[in-house]
Amino acid sequence: MDAELLQELRAIVGEGGVRCGVPLSELTTFRIGGPAECCVEPRSEDEVRAVLAVCRRRGAAFRVLGLGSDVLAADEGVGGVTVRLAENLSALEVDGTVVRAQAGCSNAEVARAACAAGLSGYEFACGIPGTVGGAAIMNAGAYGGEFKDVCASVRCLTPEGETVDVDAERASWSYRHSMMDEAGYIVLAVTLSLRRDDPHAVQERMDDLARRREEKQPLDKPSAGSTFKRPEGRFVGQLVQEAGLRGYRVGGAQVSEKHTGFVVNAGGATAADVRRLIADVQERVRESAGVELEPEVRLWGFEEDEEPV
């Protein structure tokens with residue numbers, strides 16, 4: 001990493017906000033991945049803008065990471081600058097029925113804050129293990145709810161460094177898709193429009209969803225959540241099970257026996273193990289059902305990885 005670039009980044013976020021060679025296994029829920037060449041953690045939206053402006057000016061490739069709940073990072077690691085928007089960018093405020101949250105707020109934090117304020121609408125996301133920034137980019141959803149159902153607007157940074165507010169119509173949300181993702185926008189904050197409800201009723205619904213997740217999902221093993229996008233009219237878990245792949249292993253990676261839509265780190269899995277297992281599942285489901293499964297997890301540092309910005 002260029003010494004002058006590192007110096008500029010440290011001048012923006014402070015010495016402790018720039019780390020070189022941090023293992024991505026420590027920053028992703030899969031607990032897999034080699035080192036990030038440079039990891040930067042801005043403390044404010046202004047610092048995010050400044051960091052990305054320096055990267056663009058110096059021609060340094062960068063990626064944006066939240067809580068790493070949908071990322072499989074290669075064993076060799078990834079180059080360039082990894083801009084982590086998590087704990088340091090997690091201001092949250094409730095104003096009437098409106099919740100404003102910076103991109104690094106976890107979905108669980110927002111759901112709890114809404115519940116405490118007697119607001120309903122974000123219960124579906126209480127167990128989604130990522131940030132609201134990631135939820136906005138991917139239109140996260142679970143148990144019949146989707147991010148697009150409750151989001152009024154998203155404050156973003158464009159590839160040109162301009163700050164813009166994207167309303168729900170312009171966001172063009174669909175299943176695991178948004179205009180922001182397609183256009184390379186960086187989410188800085190979200191504004192949610194919720195509805196009044198009894199806090200006890202909201203908490204009961206959140207508790208019920210937590211029980212259902214615990215019963216059905218392999219929460220005891222590291223994973224990136226649902227590994228594949230749901231094909232229209234089909235269920236991934238059923239397709240994988242019908243292909244005879246429940247419990248199928250490649251090294252330390254395994255198709256969960258509890259929920260066959262999840263690939264888990266059963267112990268000591270490498271990124272290569274997981275990538276091979278994903279390819280095997282895709283091939284077997286293609287052969288048995290004629291369905292092409294598309295990974296929902298984002299692949300960093302692999303040949304098919306999209307180029308960093």
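Let me begin with Arg63, which lies over the face of Trp300, at 5.2 Å from the ring centre. Please keep in mind that this is a predicted model.

I turn now to rings that pair with other rings. A pair of aromatic rings is described by the distance of the centres and the angle of the planes. In this model the count comes to 3 aromatic pairs. One of them joins Tyr122 and Phe147: the ring centres are 6.4 Å apart and the planes stand at 75°, so the arrangement is edge-to-face, the term for angles over 60 degrees. Tyr122 sits in the loop between strand S9 (119-120) and helix H4 (132-138), while Phe147 sits in the loop between strand S11 (145-146) and strand S12 (151-157), so this pair ties together parts that are 25 residues apart in sequence.

Are these two residues buried or exposed? Tyr122 has 1% relative accessibility and therefore counts as buried. Phe147 is also buried, with a relative accessible area of 0%.

Phe147 takes part in another pair, with Trp173. Here the centres are 5.7 Å apart and the planes are again at 75°, so this pair, too, is edge-to-face.

Technical notes
Residues numbered from 1 in each chain as written. Predicted model: local features only at pLDDT ≥ 70, side-chain atom pairs only at ≥ 80, totals over all residues. Heavy atoms only, no water. Phe/Tyr/Trp six-rings, centres within 6.5 Å; stacked < 30°, edge-to-face > 60°. Helix = DSSP H or I, 4+ residues; strand = E, 2+ residues; numbered from the N terminus. Buried < 20%, exposed > 50% of the residue type's maximum accessible area, 1.4 Å probe, protein only. Lys NZ or Arg CZ within 6 Å of the ring centre and 35° of its normal.
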